[in-house]
Amino acid sequence: MRVDGVELGDGAAIGTVQRRKTDTRYRFFGGKTEAVDRANIASVSLTAHGTRFEADLHVADDGVGVRLRLPAKAGRMIEGDRSGWKLAAADPRVWVTARDPGYEDIYAAKTLRDVVGKPLGMPLTARIDRYWVTISEAQVVNYGDMAITPDANGLLAGGLYTEPKGWRTDAAVVQPWRVTIVARDLTGLVNSTLVQNLNPPPSPALAKADWIRPGRSTWQWLAIGAPLENDQHQWVDWTKQMGYPYYLVDEGWADWKRPWETLADTVNYARSQGIDIWVWVHSKETFDPAARRALLSRYARMGIVGVKVDFPEHPDHVWTQWYEDFARDAAAGRLMVDFHGAMKPTGTERTWPNVLTREGVRGHEWHITRYKRVLPPDHDTILPFTRYVVGPGDYTPTVFEPKELQGNSWSHEVAQAILFTSPYLVMGGHPRTYLENPALDVLKAIPSIWDETIVLPGSEPGEMAGFARRRGKDWFVAVINGPTARPLKVDLGFLGGGEWRLVSLADDQAHPDAFTRTERTVRSTGAIEVPLRSQGGFVGWLRPRKEPMPAAGR
């Protein structure tokens, strides 16, 4: 950091060192049930050109976090942040996204030399020899968001792009953690919770709060655009038929003739049907603290359980503090949160577990005909190993309308709902197309959180992404294929003993808007073998044969 004209990394002298260990576990909503925070930790006192500060180091099995801390000082000027990474390879393969304050650009496969001089967002994933490395930030609060730009020497040089002139503060300065996740395989990479572990734990009450309930949701914007005032009961009825606990009333409800009255009526009708309502709000209505608390309190009194807050400003130090303040005020009102148009996740959902998901991803809202937008065929295969390594994302998956596939197959679309982790799982398709689909039983069974995640052999970002995921006793196999058609073989050794009922949703080789559906009995010694179309996919649902059909869960 450069602070008050001093480069803190220049000629720093080491003082005292305090060491400790941490070994804790906590409830986790995502690809597994529990996060493990086990690490060696050190705090090092430093002095550079008369400026005293601290460095924190956190060394865990899945990577390293480093940050600087400065005590409070009146009028201190934060001039820049020059944090950087140097990868231990001359020109490694990297999977990257361009710098975008809304984090909605594509991910692409490159080599490091391909992106020299190009500002990049994080996370960035690289393959270094036999290791997988993802770099990002953790606990970005009251501090500007950082981007990186590779130089000709391979340095990934950081910069505070939202505040190039810096800012003044009287408060203590806590640099976000600079995070390097290191894994021996893709299963280790996608199961890392290092970014979350580097954030403070929640209060005991929030850690055990029973009103924080992950679940699936219907939603109308991708299907029809703005919500209609006269069909809200119908959307609630569709939600109930799907067995989903939530319905999201998105942008446009404020333009109804009687917005608040109709919203209240929708909430009351939904609750009579066992459904809870989430509602969309613009961030500009929530920037002022008093206005934010009043609005969230009004939603809570109405019986609304969650808020999708959209269009925050670029993540400078003021707006990164806004995310923290919004989460705190929402928690006070027992409201869950979905941040949209948002910066990348930095693990703050550990501190505020009521924040179930955020956008910060180019998802299905981009892949839509009414705006003439199409995602590249390899984008979906890269996301699980880049953006989703650092936290959940609201991709709004699974559309069946033939014109909206734009190259994808139905199996690819269903696999999105399994691969793209989002504890608040907002489904993008029209519920009518789900209720009429031959995959209805699978759509009803897919959960929003998982107990265990395994990356399938053959997965490679940019080519193919395949997971086996378990919830309770059920396993789901989900594969998304990139631009090249290929055969798929999935060995079932991850299953326990006995026989299992398998429902397979494979690509129809002649029609993208169809499945080749089969049902059979398998054992752990068996395998699934199917062909994958270009931009195709596969979904398998496996249940112990002696178990009764489970009720659709959250």
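These legends describe close-up views of a predicted model.

**View 1. The largest pocket and its lining**

The largest pocket holds about 520 Å³ of space. Its lining is made up of 33 residues. Those that lie nearest the centre of the pocket are F28, F29, G30, Q196 and E349. Three strands each supply at least two residues of the lining: strand 3 (13-27), strand 23 (355-358) and strand 26. Strand 3 gives the most, with three residues. Empty space of this kind is found by rolling a probe the size of a water molecule over the atoms.

**View 2. G391 and the residues it touches**

G391 sits in the loop between helix 9 (379-382) and helix 10 (402-405). Is G391 buried or exposed? G391 is buried because its relative accessible area is 6%, and the cut-off for buried is under 20%. Leaving out residues up to four places away in sequence, G391 touches Q196, P345 and E349. Two of these, Q196 and E349, are also among the residues nearest the centre of the largest pocket. The C-alpha atoms of G391 and F29 are separated by 9.9 Å, although the two residues are 362 residues apart along the chain.

**View 3. R469, a buried arginine with no salt bridge**

R469 lies in strand 26, which covers residues 464-471. The side chain of R469 does make a polar contact of 3.0 Å with the side chain of T421. T421 is also one of the residues that R469 touches, and others include G31, W450, E452, W475 and F476. Residues up to four places away in sequence are not counted here.

**View 4. The salt bridge between R82 and E7**

The structure holds 29 salt bridges, and this view takes one of them. Side chains of opposite charge can pair when their charged atoms come close. In the salt bridge between R82 and E7, the closest N and O atoms are 2.9 Å apart. The pair links distant parts of the chain, as R82 is in the loop between strand 7 (76-80) and strand 8 (84-86) and E7 is in strand 2 (residues 6-7), 75 residues apart. R82 counts as exposed because its relative accessibility is 56%. E7 is partly exposed, with a relative accessible area of 22%.

**View 5. The salt bridge between R293 and D329**

The side chains of R293 and D329 form a salt bridge of 3.4 Å, N to O. R293 belongs to helix 7 (residues 289-302) and D329 to helix 8 (residues 317-332), so that distant parts of the chain, 36 residues apart, are linked. R293 is partly exposed at 47% relative accessibility, whereas D329 is buried at 13%.

**View 6. The salt bridge between R517 and D441**

In this salt bridge, the closest N and O atoms of R517 and D441 are 2.7 Å apart. R517 lies in strand 30 (residues 515-522) and D441 in helix 13 (residues 440-445), so the pair ties together parts that are 76 residues apart in sequence. R517 is partly exposed, with a relative accessible area of 28%. D441 is also partly exposed, at 26% relative accessibility.

**View 7. A network of salt bridges**

Five residues are linked by salt bridges in this network: D81, E137, D145, R178 and K344.

Note on methods:
Residues are numbered from 1 along each chain as its sequence is written. This is a predicted model: local features need pLDDT of at least 70, side-chain atom pairs count only at pLDDT 80 or more; totals for chains, interfaces and linings use all residues. Side-chain values use heavy atoms; hydrogens and water are left out. Helices (H or I, at least four residues) and strands (E, at least two) are DSSP runs, numbered from the N terminus. Buried means under 20% relative accessible area, exposed over 50%, partly exposed in between (1.4 Å probe, protein chains only). Lys and Arg count as positive and Asp and Glu as negative; His and the chain ends are not counted. A salt bridge is a side-chain nitrogen of Lys or Arg within 4 Å of a carboxyl oxygen of Asp or Glu. A polar contact is a pair of N or O atoms within 3.5 Å; within protein, one must be able to donate a hydrogen and the other to accept it, and residues adjacent in sequence count only if both atoms are side-chain atoms. Contact means heavy atoms within 4.5 Å. On a 1 Å grid over the protein atoms alone, a cavity is a set of points where a 1.4 Å probe fits but cannot get out, and a pocket is an open set with protein on both sides within 12 Å along at least five of seven lines; lining residues have an atom within 4 Å of a point. Grid points are joined across faces, edges and corners, and a volume is the space filled by probe spheres set on the points.
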